[in-house]
2 protein chains.
Amino acid sequence: MCYKIKSRIWIELNNKVFLGEGRVHLLMAIKDTGSLTKAAKSLGLSYKKAWHLLDAVNKSAQKPVTINTVGGKGGGGVKLTEYGTSLIETFNTINQRCWHFLDSELEKIKKL
Amino acid sequence: MCYKIKSRIWIELNNKVFLGEGRVHLLMAIKDTGSLTKAAKSLGLSYKKAWHLLDAVNKSAQKPVTINTVGGKGGGGVKLTEYGTSLIETFNTINQRCWHFLDSELEKIKKL
């Protein structure tokens, strides 16, 4: 008998979704690839879907999350701002702390 | 700016969903109504869907979660076992403790 408590978290801002797993995965992929096209591809999303997702994050955030880069090899790309990077880190930290918290709650189930 | 961290939890047993919000709501409705028909109706589920949901819970649980009652006014019904009641309580307790935990994590977001 192997019990596990799973969770999914998301952050709302003024009662609207601001950051969830999907958006954070997109930001992480942008950070890794420096390109929205490549980020979308790595997640199996259409460019349009990824663009709208990123636009929603930028529109709801207090500060810019990404900035467009121009020129260089292969033309312009997109990269995270310092604030964007801190959003990923904060979300992942809270998510992991939540998992640990729920692991510590497992004893309650074993007593049943 | 009003941030809130939301969560959804579910309990897995041997890598399969055992209890989630939907199943717990069904058990609570059965406890309240003493009838699977009434419980399904109160949740806007078809009887068939509710029956399969309850069957899945009973099949994955270590002990019976509900028992069928026979006779009485309006014919037979269904009621929770003591174990079934303890499942609801445990799930709701863990869920609420998770919400409180996430509220306590809000400071991390405000610092951004």
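Good morning. I begin with one residue, B:S42: setting aside neighbours within four places in sequence, B:S42 is in contact with B:A29 and B:T33, where contact means that the C-beta atoms of two residues, placed from the backbone, lie within 7 Å. This is a predicted model, in which local features need pLDDT of at least 70 and side-chain atom pairs count only at pLDDT 80 or more, while totals for chains, interfaces and linings use all residues. Residues are numbered from 1 along each chain as its sequence is written, and chains are lettered from A and ligands numbered from 1 in the order in which they are written.

B:S42 has its place in helix 2 of chain B. Helices here are DSSP runs of H or I with at least four residues, strands are runs of E with at least two, and both are numbered from the N terminus. Is B:S42 buried or partly exposed? B:S42 is partly exposed, because 17 other C-beta atoms lie within 10 Å; a residue is buried with 20 or more such atoms, exposed with 12 or fewer, and partly exposed in between. From B:S42 to B:S86, 44 residues apart along the chain, the C-alpha atoms are separated by 22 Å.

I turn to the helix pairs of chain B. Two packed helices are described by the angle between their axes and the distance between the axes. Helix 1 of chain B and helix 2 (residues 36-43) of chain B pack at about 125 degrees, their axes 8 Å apart. Axes are lines fitted to C-alpha atoms, for helices over the stretch in contact, and angles run from 0 to 180 degrees between N-to-C directions. Helix 1 of chain B is therefore oblique to helix 2 of chain B; angles under 35 degrees count as roughly parallel, over 145 as roughly antiparallel, 65 to 115 as roughly perpendicular, and the rest as oblique. Helix 1 of chain B contributes B:H25, B:L26, B:A29, B:I30 and B:T33 to the contact, and helix 2 of chain B contributes B:L36, B:K38, B:A39, B:S42 and B:L43. These residues divide into six nonpolar, three polar and one charged. Ala, Val, Leu, Ile, Met, Phe, Trp, Tyr, Cys and Pro count as nonpolar, Asp, Glu, Lys and Arg as charged, and the others, Gly among them, as polar.

Helix 1 (residues 21-33) of chain B also meets helix 4 (residues 82-104) of chain B, with axes that come within 10 Å and cross at roughly 130 degrees. That angle makes helix 1 of chain B oblique to helix 4 of chain B. Here B:V24, B:L27, B:M28 and B:K31 of helix 1 meet B:G84, B:T85, B:L87, B:I88 and B:F91 of helix 4.

What of the core? The largest nonpolar core has 48 residues, and A:L26, A:L36, A:A50, B:L26, B:L36 and B:A50 have the most contacts inside it. Such a core is a set of buried Ala, Val, Leu, Ile, Met, Phe, Trp, Tyr and Cys residues joined through C-beta atoms within 7 Å. Beyond its neighbours within four places in sequence, B:A50 is in contact with B:L26, B:L36, B:A39, B:A40 and B:L45.

In chain A, A:L53 is found in helix 3 (residues 47-60). A:L53 is buried, with 21 other C-beta atoms within 10 Å.

Finally, the contact between the chains takes 29 residues from chain A and 29 residues from chain B. On the side of chain A that touches chain B, strand 1 of chain A gives the largest share, eleven residues. That side has 16 nonpolar, six polar and seven charged residues. Thank you.
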